[in-house]
Amino acid sequence: MYYQLSKYGLTGFIGTVAHYIVMYLLMLVWISPVLATFVGATVGALVNFTGCRQWVFRESKRTMDTEAIRFGIVSVLSLLANTMLVWSLSDVFGVWSAQLVATLLCFLIGFLINRQWTFSTASDNLR
């Protein structure tokens, strides 16, 4: 499981780099930062999904459509959890410490949910 977790982390890092590169390039051609980060985040999410499906959790028996929907749900819930954690912890620990805690928690919980639900290999859990 630790090897799979490290692959999940590397995939997330690559997705983040893709997000930032796309955002930067779009801003060079005068696209607004908000639109640029939206497009960049979308590209990053596609990179993450592809990496998870093809490399991290390749033993999954689900269809790509099911995995994509579930991955999207987990990603949106992770975004909401991250936001709520930073909001609730920043007054106590400071913004950057709160963000670090939120990132680590969302990373670990996202990995477990994606492993057990999104890309599950259990035959009784394939609905």
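Predicted model: local features only at pLDDT ≥ 70, side-chain atom pairs only at ≥ 80, totals over all residues.
Q: About how much accessible area do the residues of the nonpolar patch have together?
A: Besides residues such as Ile21, Tyr24 and Leu25, the patch includes Trp55. Leu28 and Val29 also belong to the patch. Together the residues of this surface patch have an accessible area of about 960 Å².

Q: Is Leu10 buried, partly exposed or exposed?
A: Leu10 sits in helix α1 and is one of the residues of the nonpolar patch. Buried requires under 20% relative accessible area and exposed requires over 50%. Leu10 has 41% relative accessibility, so Leu10 counts as partly exposed.

Q: How many helices does the protein have?
A: Read along the sequence, the pattern is α-α-α-α. There are zero strands. The number of helices is four.

Q: What share of the protein's residues is buried?
A: The C-alpha atoms fill a box of roughly 45 × 40 × 25 Å along the principal axes. The protein exposes about 8,500 Å², and carbon and sulfur atoms supply 73% of that area. Of the 127 residues, the buried ones make up 28%.

Q: Which helices do the buried residues of α4 pack against?
A: Helix α4 covers residues 95–118, and its buried residues include Ala98, Ala102, Cys106 and Phe111. Phe111 is also part of the largest nonpolar core. Not counting residues up to four places away in sequence, Phe111 touches Met1, Gln4, Leu5, Tyr8 and Phe57. The buried residues of α4 pack against α1 and α3 (64–93).

Q: What share of contacts between residues at least 6 apart in sequence join residues at least 24 apart?
A: Phe111 and Leu5 give an example of a contact. Among contacts in the protein between residues at least 6 apart in sequence, the share that join residues at least 24 apart is 64%.

Q: Which residue does Arg53 form a salt bridge with?
A: A search of the whole structure finds one salt bridge. In this bridge, the closest N and O atoms are 2.4 Å apart. Arg53 lies in helix α2 and its partner in helix α3, so the pair ties together parts that are 14 residues apart in sequence. The partner is Glu67.

Q: How far from Lys7 is the nearest side chain of opposite charge?
A: Lys7 lies in helix α1 and touches Trp55 and Val56, not counting residues up to four places away in sequence. Lys7 is buried yet has no salt bridge. A salt bridge needs the nitrogen and oxygen within 4 Å. The nearest side chain of opposite charge, Glu59, lies at a distance of 5.9 Å.

Q: Is Ser90 buried or exposed?
A: Ser90 lies in helix α3. Not counting residues up to four places away in sequence, Ser90 touches Leu85, Val95 and Ala98. With a relative accessible area of 18%, Ser90 is buried.

Q: What distance separates the C-alpha atoms of Leu77 and Ala18?
A: Leu77 lies in helix α3 and counts as exposed at 52% relative accessibility. Leu77 and Ala18 are 59 residues apart along the chain. Their C-alpha atoms are separated by 21 Å.

How values were computed
Residues numbered from 1 in each chain as written. Heavy atoms only, no water. Patch = residues over 30% accessible without salt bridge, like charges linked within 9 Å, V, L, I, M, F, W, Y side chains within 5 Å. Areas by Shrake-Rupley, 256 points an atom, 1.4 Å probe, with all protein chains shown as cover. Helix = DSSP H or I, 4+ residues; strand = E, 2+ residues; numbered from the N terminus. Buried < 20%, exposed > 50% of the residue type's maximum accessible area, 1.4 Å probe, protein only. Lys, Arg positive; Asp, Glu negative; His and termini not counted. Contact = heavy atoms within 4.5 Å. Core = buried A, V, L, I, M, F, W, Y, C linked by side-chain atoms within 4.5 Å.
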